[in-house]
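Hi,

Here is the structure I promised to pass on. Have a look at it first, and then read my notes below.

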Amino acid sequence: MLLHEMEMRAVYGQTLNELIEENPNVMCLEADLSKASGTNPCVAKKYPNNFINVGVCEANMISIGAGLAVEGKIPFCASFTCFASRRVYDQITISVAYANNNVKIVGTAPGITAGPNGGTHMCFQDLAIMRAMPNMHVYSPTDSYELRAVMRYMAKTRQPAYMQLIRSKVNKIFDENYKFDPAWAVVLKKGKDVTIVTTGYMTHFALEAVEELLRKGINAQLLHYPSVKPFDVETLVASAKETGIVVTVETQNIIGGLGGAVCETLSENYPVRVKRLGIPDKFGEVATEEYLFNKHGFGVKHIVAACMEMLKGNKK
Amino acid sequence: MIKEKFDKNEFDKLAAEYRYIITDIICRAGSGHIGGALSLVEIVITLYDRIMKIAPDNPKWQYRDRLIMSKGHAGPVLYTALAYKGFFPTSWLPTLNADGTRLPSHCDQNQTPGIDMTTGSLGQGLSCACGVALAAKIDGKKHNIFCVIGDGESNEGQIWEAALFGAHRKLDNLVAICDYNKLQIDGFTKEILDIEPLMDKWRAFGWETFEMDGHNWDDIYKTVNQAIAVKDKPSMIIAHTIKGKGCCEIENKAESHNIKVPDKASHEKYLKSLKCQDNELVY
């Protein structure tokens with residue numbers, strides 16, 4: 001089966017198996033959500049000695065990961081995004097980031113993709129809080145090929161890192177030849193009228209919005225950021241200079257995440273008007289994507305409308 | 001590195017030196033966690049001088065025994081041991097907490113040679129020790145992993161997550177020691193949050209349990225060796241200790257957790273209240 005025909009979590013499990021095959025020090029840590037992460041039975045069966053299920057003990061998982069890392073192991077620790085980030089923020093801060101231990105943290109079902117689990121599980125702040133942590137890299141791959149490339153990068157670099165993992169099957173954007181470098185954003189569409197900045201899951205919807213805008217005669221430039229930290233300043237500033245207006249889209253609180261990174265970068269380097277789309281400082285709820293897009297205004301039609309609105313006032 | 005012969009007088013003198021140094025460097029720093037460092041002096045000396053395989057000229061030697069000071073605020077007692085063993089010059093000791101120091105108040109694996117794990121946020125070190133022990137099991141290595149936790153630290157839920165995991169994974173290369181000085185920052189443990197019956201708890205969690213007098217050389221040596229010999233489960237040694245041991249001004253008082261030393265007079269007061277005054281400064 002080709003990667004883009006698989007669920008992203010299956011790609012996660014399969015890629016972990018490839019990484020373990022190449023380097024037996026790679027470890028798969030789970031906290032009783034291994035089926036949800038796609039590592040059980042995939043990794044559990046093929047490499048039982050590299051598969052450690054710690055039970056419902058996320059704090060323990062992170063610090064055990066640090067202990068393994070200090071001995072040269074490369075642990076990938078997965079749980080739902082809410083538990084992999086905010087629940088264990090202090091363990092990640094001290095045992096991993098402050099100690100600079102080579103632990104990889106994987107937050108599954110990010111943002112609104114937590115759907116049926118609702119407000120308790122719908123984490124809108126992980127990009128913000130992980131980004132605010134020194135020593136930590138923060139990634140949010142958008143499709144199967146990028147996911148595999150990001151994981152391969154994580155396994156070969158001695159660097160604490162946090163990665164969002166969409167669990168479902170998503171459309172193919174990249175291919176086998178995709179190379180990941182956290183220093184660079186990916187220019188998915190070239191355009192001179194407006195800059196759209198996205199990461200992870202929302203890149204798929206932004207691509208649709210770009211097509212819709214094109215039908216209206218508007219050429220949007222779409223910048224996809226697989227790495228929210230480190231953040232590629234150069235590509236954003238160059239695009240802002242060309243278009244003069246920027247719209248950010250993320251399945252996160254608009255405070256502190258991708259939108260925050262974009263605003264910080266532009267205000268210091270090349271101030272232009274920015275519209276942040278995402279969750280306007282609200283908690284999540286049990287709902288369909290469509291409902292949440294409409295409620296918070298960050299679906300395809302809202303991206304299109306925001307770009308049109310911004311263009312009206314653009315003095316460029 | 002391991003002392004072949006045990007001479008009680010020699011070790012008593014060493015303990016007195018440790019207590020003088022710990023008190024002096026904390027006073028020089030102007031404040032510090034003295035009580036929980038003084039309670040561990042005999043345990044740390046026994047581990048480093050009589051039990052642990054270490055290589056001060058190669059701090060990351062892969063076959064060394066590890067010590068994870070989960071109660072990371074006890075840095076000063078560990079720094080004294082590491083300096084005495086030659087991991088770094090004793091002249092570093094009075095730089096405790098000074099600007100740019102490599103001896104911070106809480107243990108830091110990236111700052112201090114010989115520190116095996118960064119600690120300081122209570123509850124995490126025992127989990128880290130489980131990870132270190134698990135790595136050794138996976139790699140088929142035979143070294144021992146020691147982990148010192150506090151009694152106040154045992155309030156943390158994560159300690160009990162690690163307790164479950166250590167037993168489940170049969171980490172018999174892990175020997176944990178609880179510095180049971182019966183005091184935490186705000187008062188006596190039995191008044192703040194009682195952890196008794198402590199032995200029963202660890203036994204119920206599947207650990208082999210021991211008790212020892214944490215200030216008695218023979219008892220420490222014998223008990224730690226018994227714990228090392230345990231198979232198929234991790235060990236927990238409850239060490240009965242006295243917080244602030246040896247410093248009359250603060251001994252067995254909650255205030256000993258972190259003292260403030262605003263001036264030279266306070267510095268002198270603490271040094272003079274040490275029970276053993278026959279010490280030479282090594283820095």
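**What I found**

Let me start with one residue in chain B. Setting aside the neighbours within four places in sequence, B:Ile259 is in contact with B:Ile26, B:Ser31, B:Gly32, B:Ile34 and B:Ile250. Keep in mind that this is a predicted model. B:Ile259 belongs to strand β9 of chain B, residues 259-260. B:His33 is 226 residues away from B:Ile259 along the chain, yet their C-alpha atoms are separated by 6.6 Å. Is B:Ile259 buried or exposed? It counts as buried, because it has 22 C-beta neighbours inside 10 Å, and the cut-off for buried is 20 or more.

Now over to chain A and its sheet. Here 7 strands make an open sheet with mixed pairing, and the order is β2-β1-β3-β4-β6-β5-β10. The edges are β2 (51-53) and β10 (227-229) of chain A; each has a single partner strand, so one side of each has no neighbour in the sheet. On average, neighbouring strands of this sheet are turned by 20° against each other, ignoring direction.

Strand β6 of chain A (residues 161-165) is the one I'd look at longest. It is largely enclosed by the rest of the structure, because 5 of its 5 residues are buried. In a regular strand, side chains alternate between the two faces of the sheet. For β6(A), both faces are covered: A:Ala161, A:Met163 and A:Leu165 are buried on one side, and A:Tyr162 and A:Gln164 are buried on the other.

What does β6(A) pair with? Strand β4 of chain A (residues 104-108) runs parallel to β6(A), with 5 bridges between them, and A:Ile105 has A:Tyr162 as its bridge partner there. β5(A) also pairs with β6(A) in the parallel sense, over 3 bridges. In that pairing, A:Tyr139 has A:Met163 as its bridge partner.

α8(A) sits between strands in the chain path: β5(A), α8(A) and β6(A) make a right-handed β-α-β unit. α8(A) lies across β1, β3, β4, β5 and β6 of chain A, at about 160° to β6(A). Helix α1 of chain A (residues 8-22) lies across β1, β3, β4 and β6 of chain A, and runs at about 145° to β1(A).

On to the domains. The assignment for chain A gives domain 1 (3-165) and domain 2 (186-312), with C-alpha centres 26 Å apart. Where they meet, 25 residues of domain 1 of chain A are in contact with 27 residues of domain 2 of chain A. On the domain 1 side, the elements giving two or more residues are α7 (126-131), β5 (137-139) and α8 (144-156) of chain A. By class, that side has 13 nonpolar, 10 polar and 2 charged residues.

Last, the two chains. How many residues of chain A are in contact with chain B? There are 22, and they meet 21 residues of chain B. On the chain A side, α4 (58-70) and α6 (89-98) are the elements that give two or more residues. α4(A) gives the most, with 9 residues. The chain A side divides into 10 nonpolar, 9 polar and 3 charged residues.

Cheers

Note on methods. Residues numbered from 1 in each chain as written. Chains lettered and ligands numbered in written order. Predicted model: local features only at pLDDT ≥ 70, side-chain atom pairs only at ≥ 80, totals over all residues. Contact = placed C-beta atoms within 7 Å. Helix = DSSP H or I, 4+ residues; strand = E, 2+ residues; numbered from the N terminus. Nonpolar A, V, L, I, M, F, W, Y, C, P; charged D, E, K, R; others polar. Domains from an automatic or database assignment. Buried ≥ 20, exposed ≤ 12 C-beta atoms within 10 Å, placed from the backbone. Pairing = 2+ DSSP bridges. Right-handed = clockwise from strand over helix to strand, strands pointing away. Axes fitted to C-alpha atoms, helices over the stretch in contact; angles between N-to-C directions.
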